[in-house]
Amino acid sequence: MTANAGAAMKRPSIQKVGLPTDSLIARAFPRRDYADAYRVQLPAGAANDLDSLVRATLGTAPGWIKLLLRLRDRLVAPFGLKTASGAPVSAFDRFELRPGHSVGLFKVIERTSDELLLGQDDLHLDFRVSVLVRSDGGADWVVISTIVRFNNWLGRAYFLPVRQFHKLIVPAMIRNAYQRYSERHG
């Protein structure tokens, strides 16, 4: 087994951290009703290519998350909320992700050399997700941050149960992305 194969099998340590203050997401909304951030250290020697990290994070989800998202889509469609089913995926695998491109339900809002800000505005709430690459202590880290702004009572009611799932989904997505990214870029 190679060192990279061993790193790919290692379960990553995901840390809950504060929202990065010097990031695109920190200034995305003047008012935040919810915010969280998690980070994971990239395997030593792994490339820290932002587009590949976003693709690994948002490109596929564990099966149980896909089931939850399909259930969510069925429940919210009658209320006129945006759903992930049928959402466009433009330039996802072929080009550098730029503002205006879509990754499923996520629209690319803004980009710097080390951060991609994605999100969606809807009737009930607006959200932003950031994928940020940072060096700290001689290691490269990926920080995934989420902020939410409620637009009305429906947003508050909707997010009440979603909040609990969100705390499980984001670390699971990071673990899945870590595995995929380590296998391809380690």
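A hairpin of 3 residues links β4 to β5. This comes from a predicted model. Strand β5 spans residues 115–121 and pairs with β4 in the antiparallel sense, over 4 bridges. Within that pairing, Lys107 has Gly119 of β5 as its bridge partner.

On the β3 side, β4 (residues 106–111) runs antiparallel to β3 (residues 102–103), and 2 bridges join them. Here Lys107 of β4 stands opposite Ser102. β3 and β4 also form a hairpin, with 2 residues between them. Gly104 sits in that turn and has a positive phi of about 65 degrees.

## Overall build

The protein has 4 helices and 7 strands. Along the sequence, the pattern reads α-β-β-α-α-β-β-β-β-β-α. Of the 186 residues, 47% are buried.

Take the contacts with a separation of 6 or more: 61% of them are between residues 24 or more positions apart. The protein exposes about 9700 Å². Carbon and sulfur atoms supply 56% of that area.

## Salt bridges

The structure holds 7 salt bridges. One of them pairs Asp22 with Arg134, with the closest N and O atoms 3.1 Å apart. Asp22 lies in the loop between β1 (14–17) and β2 (34–41), while Arg134 is in strand β6, so the pair ties together parts 112 residues apart in sequence. Asp22 is exposed, at 55% relative accessibility. Arg134 is partly exposed, with a relative accessible area of 23%.

Another salt bridge joins Arg128 to Asp121, where the closest N and O atoms are 2.9 Å apart. Arg128 is buried because its relative accessible area is 9%, under the 20% cut-off. Asp121 is partly exposed, at 37%. Salt bridges with shared partners also link Asp22, Asp114 and Arg134 into one network.

Asp33 and Arg31 form a further salt bridge, their closest N and O atoms being 2.9 Å apart. Both residues are partly exposed: Asp33 has a relative accessible area of 22%, and Arg31 has 40% relative accessibility.

## Asp136 in β6

Asp136 belongs to strand β6, which covers residues 125–136. Its relative accessible area is 42%, so Asp136 counts as partly exposed.

Leaving aside neighbours within four places in sequence, Asp136 is in contact with Arg39 and Trp141. Gln41 is 95 residues away from Asp136 along the chain, and their C-alpha atoms are separated by 9.4 Å.

Conventions: Residues are numbered from 1 along each chain as its sequence is written. This is a predicted model: local features need pLDDT of at least 70, side-chain atom pairs count only at pLDDT 80 or more; totals for chains, interfaces and linings use all residues. Side-chain values use heavy atoms; hydrogens and water are left out. Two strands pair if DSSP finds at least two bridges between them. Buried means under 20% relative accessible area, exposed over 50%, partly exposed in between (1.4 Å probe, protein chains only). Contact means heavy atoms within 4.5 Å. Accessible areas come from the Shrake-Rupley method with a 1.4 Å probe; for residues, only the protein chains shown count as cover. A salt bridge is a side-chain nitrogen of Lys or Arg within 4 Å of a carboxyl oxygen of Asp or Glu.
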